[in-house]
Amino acid sequence: MSITDIQITEKLTHGDDHHDDHQEQSFIFKYIFSTDHKTIAKQFLITGIFWAILGGGLSVLFRLQLGFPDMDMGFLQPFLGDWISNSGKLDPEFYLAMITMHGTIMVFFVLTAGLSGTFSNYLIPLQLGARDMASGFMNLLSYWFFFLSSIIMFISMFLSTGPASGGWTIYPPLSALPQAMSGSGMGMTLWLVSMVFFIASTLLGGINYITTVINLRTEGMTFRRMPLTIWAFFITAVLGLLSFPVLVACVLLLVFDRSFGTSFYLSEIFIGGEALPNLGGSPILFQHLFWFLGHPEVYIVILPALGITSEVISTNSRKPIFGYTAMIGSILAIAFLSFIVWAHHMFITGMNPFLGSIFMFLTLIIAIPSAVKAFNYITTLWKGNLVFTPAMLFSIGLVSFFISGGLTGLFLGNAAIDINLHDTYFVVAHFHLVMGSAAFFGLLAGVYHWFPKMFGRMMDEKLGYIHFWLTFVGVYLVFFPLHYIGIAGFPRRYYSFTNFDAFSSFVDLNSFVTVAAFITFGAQFIFLFNFFYNIFKGKKAPINPWNSNTLEWTTPRVPEHGNWPGEIPKVYRWPYDYSKPGAKDDFIPQTIPYHKTEESNTDFENEEGKKERFDN
Amino acid sequence: MNNTAIIFAKRNLKLKSVNAKKFALWLFIVSICMLFAGLTSAYIVKKSDGRWLEFEMPDMFLYSTLVLILSSITMHWTYSKAKDNSLKAVKIGITGTAIIALAFFYMQYLAWIELVAEDVFFVGNPSGSFVYVFSGLHLAHLIGGLVFLLVIFLDTINYKVHSKNMLTIEMCTTYWHFLGVLWIYLYLFLVMNN
């Protein structure tokens, strides 16, 4: 027996140990404090869905204020209490709290934890051929830190002074001085505490993902044979590992400023005519530290979605992904560039224009790898035997948003144009399309695609189609008009525009956006029904419903802890052998050796096949 | 390539792969590096901004640095003793390292007192606050190192540390040396910027 065999047997017995435990495991250890990556992934998903409803609900509420500023919102008093005044008006401070919470929830809790947490956890071991994550315990901790952070953030929303209200970017001095606004008191403190646990969760998860990808690939799973999903999750985890500690540094100094009276971010501030003692700090410093995380963070959000899309589009086009190496290269290029462009969020902080032009140049370079990705998606679709599953539609929707939102990035990346457009609805439209909606569509595509593996049942396709079209059209109807509003000069985060005559011609457009937002938000309930109903009542799924090549479809319908009942499968080829000329079927799973597919092999692959025979 | 050669090549490939736990530790170290890289860059950015208080670094920081280097040496001695299976020496080594580390804690505290005597406070100009943050955060990570020492001490008592089971003590040694290097970096950074 070779060493590799011994290692496999070791792992097997290890897996079997778990298996034996499994029978006696109580409900608590099987479903709540589980160390099984599949259960943890589902926990992340369900928590993410909860947050998505809440975050989306908040956006609908503040759209109501923006679209219909004269509306009597008295009917919301039973839910919002004192936040609605007796004359039926939304409290302006609570408006700020809502946009802050919407941003925080969507960026961190839904699109970071909900997306990476779910699919990295679920797919990394399954697609690499591992029994579980490198450390199940760290994975367990990762979820429960996230849960704790969720609880703290949730509680902060019920404070009488309101949750954090200074925007999700929590710029000081607004966030640093409790006397600045009511949300900067206890609400801000809880926000910071919650984020500390959130970062701990992300780092624990990220260390685990990277270690698993490096160490636990099955035999034959070389880096060049990894599905693009895994590449994306892997690089995402690296980005998180490098950028979240900087957010720790940033937040730590803010905590010192808030609670101990240091002056890292504060200087020469007068409140009510009286000078604060703080001298020598600089709020710009905060922005540098924050955006050093903040910019990679947007790629932490979008890269997993792009990885999922690569997989779904290739599978459902029945074609190999176009430019596999270029896809990996562009992920790496985007990841590298993401660390050296942060100052494009700060063009108007009075930075040296020469420095601004360097950051502008670096920012615009990102267009190249992004365009490579968009091009490769389209060329993969080109002349494919397209199968329009809901997952496929959402993936194509993602490509559409990525392109239309990405184009406005070229404008905003230009320092000269950004000075005009900074902090307007143009920015809101840009990032909601390219990052928000695109990543959200990636999340939905992933759920539709891997639902059969997660729960062993199928989701309803028709409801999926209705959900897709309402959401896809809805998202464009919501965010496209915001470009016009932004170019007209509407600043974001303002409570009301009725005092400015210049904006009165946009009242109808704003109402239209609000109506569209309601329809889009309403359509998500179709998904929720489809999701929760079919977990229990759905049609039982076949082993490989999408005729896919990757390893997760070689597991049983509902994989137990340990994933494969017998030996871990070996991998002999890359994951994108779809419609290979000469092959019997239009897909060849990664587990089929070359010497069994002589009819479709190239000369090189025939050579590989001969070597495989030697090995066996 | 013949059959055996291929199998041989594969074996080598397998043997070379790093232990998952050790690898995770290195990733943790990378994240700590990023934390301090963020803080020290903040220091540079803030300093270039002006309104910066210049002061003398306490001599005590130099002595404490030497003491921390000494603890790294004892830690390495402990590690080599574990390789030789002399468990008694390992216990002495761990205890010694921990005591030296506690001395380092005390010396950092003395250095803070020196700073206060210079009228450099935690609350005040950021140039002073940064010194407290750097040294304080480093100590916080050193507490983690002390816990790690306690763990391998208990492991040694239970005969879980020996030449065939070097993983935990190796990881502890790596982390300890890292903390030493980290402090030397912070110290040199502060000295060169003052």
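**Ground rules**

I number residues from 1 along each chain as its sequence is written, and chains are lettered from A and ligands numbered from 1 in the order in which they are written. As the model is predicted, local features need pLDDT of at least 70, side-chain atom pairs count only at pLDDT 80 or more, and totals for chains, interfaces and linings use all residues.

**Entry 1: chain A as a whole**

I began with the secondary structure of chain A and found 18 helices and two strands. Here helices (H or I, at least four residues) and strands (E, at least two) are DSSP runs, numbered from the N terminus. I then looked up the radius of gyration of chain A: it is 25 Å, close to the 25 Å that the globule rule gives for 616 residues, so chain A is as compact as a globular protein of that length. That radius is taken over C-alpha atoms, and the globule rule is 2.2 Å times the number of residues to the power 0.38. Along the principal axes, the C-alpha atoms of chain A fill a box of roughly 85 × 55 × 50 Å.

For burial, I noted that 51% of the 616 residues of chain A count as buried. A residue is buried if 20 or more other C-beta atoms lie within 10 Å of its own, exposed if 12 or fewer, and partly exposed in between, with C-beta atoms placed from the backbone. Of the contacts in chain A with a separation of 6 or more, 78% are between residues 24 or more positions apart. Two residues are in contact if their C-beta atoms, placed from the backbone, lie within 7 Å.

**Entry 2: helix 15 and its partner**

I turned next to helix 15 of chain A, residues 425–455. How many of its 31 residues are buried? I found 28, so to speak a mostly covered helix. There is a kink of about 50 degrees at A:His449, shortly before the proline A:Pro452; the bend at a residue is the angle between axes fitted to the seven residues ending there and the seven starting there. After helix 15 comes A:Gly456, with a positive phi near 70 degrees.

Helix 15 packs with helix 5 (residues 92–128) of chain A at an angle of about 35 degrees, and the axes are 11 Å apart. Axes are lines fitted to C-alpha atoms, for helices over the stretch in contact, and angles run from 0 to 180 degrees between N-to-C directions. The crossing is left-handed, meaning that the near helix is turned anticlockwise from the far one by less than a right angle (right-handed if clockwise). From helix 5 the contact includes A:Met106, A:Gly114 and A:Phe119, and from helix 15 it includes A:Gly436, A:Phe440 and A:Trp450. I sorted the contact residues into ten nonpolar, three polar and no charged. In that sorting Ala, Val, Leu, Ile, Met, Phe, Trp, Tyr, Cys and Pro count as nonpolar, Asp, Glu, Lys and Arg as charged, and the others, Gly among them, as polar.

**Entry 3: the loop between helices 6 and 7**

I looked up A:Trp168 in the loop between helix 6 (136–156) and helix 7 (186–215) of chain A. Is A:Trp168 buried or partly exposed? With 17 C-beta neighbours inside 10 Å, A:Trp168 counts as partly exposed. Leaving aside neighbours within four places in sequence, A:Trp168 is in contact with A:Thr100, A:Gly103, A:Thr104 and A:Val107.

**Entry 4: positive phi**

Most residues other than glycine have a negative phi, and most peptide bonds are trans. I noted A:Ser579, with a positive phi near 50 degrees, in the loop between helix 17 (507–537) and helix 18 (603–615) of chain A. B:Arg51 also has a positive phi, near 50 degrees, and is found in the loop between helix 2 (20–48) and helix 3 (60–83) of chain B.

**Entry 5: chain B**

Chain B has six helices and zero strands. Its radius of gyration is 21 Å, well over the 16 Å that the globule rule gives for 194 residues, so chain B is more spread out than a compact globule. I also noted that 32% of its 194 residues count as buried.
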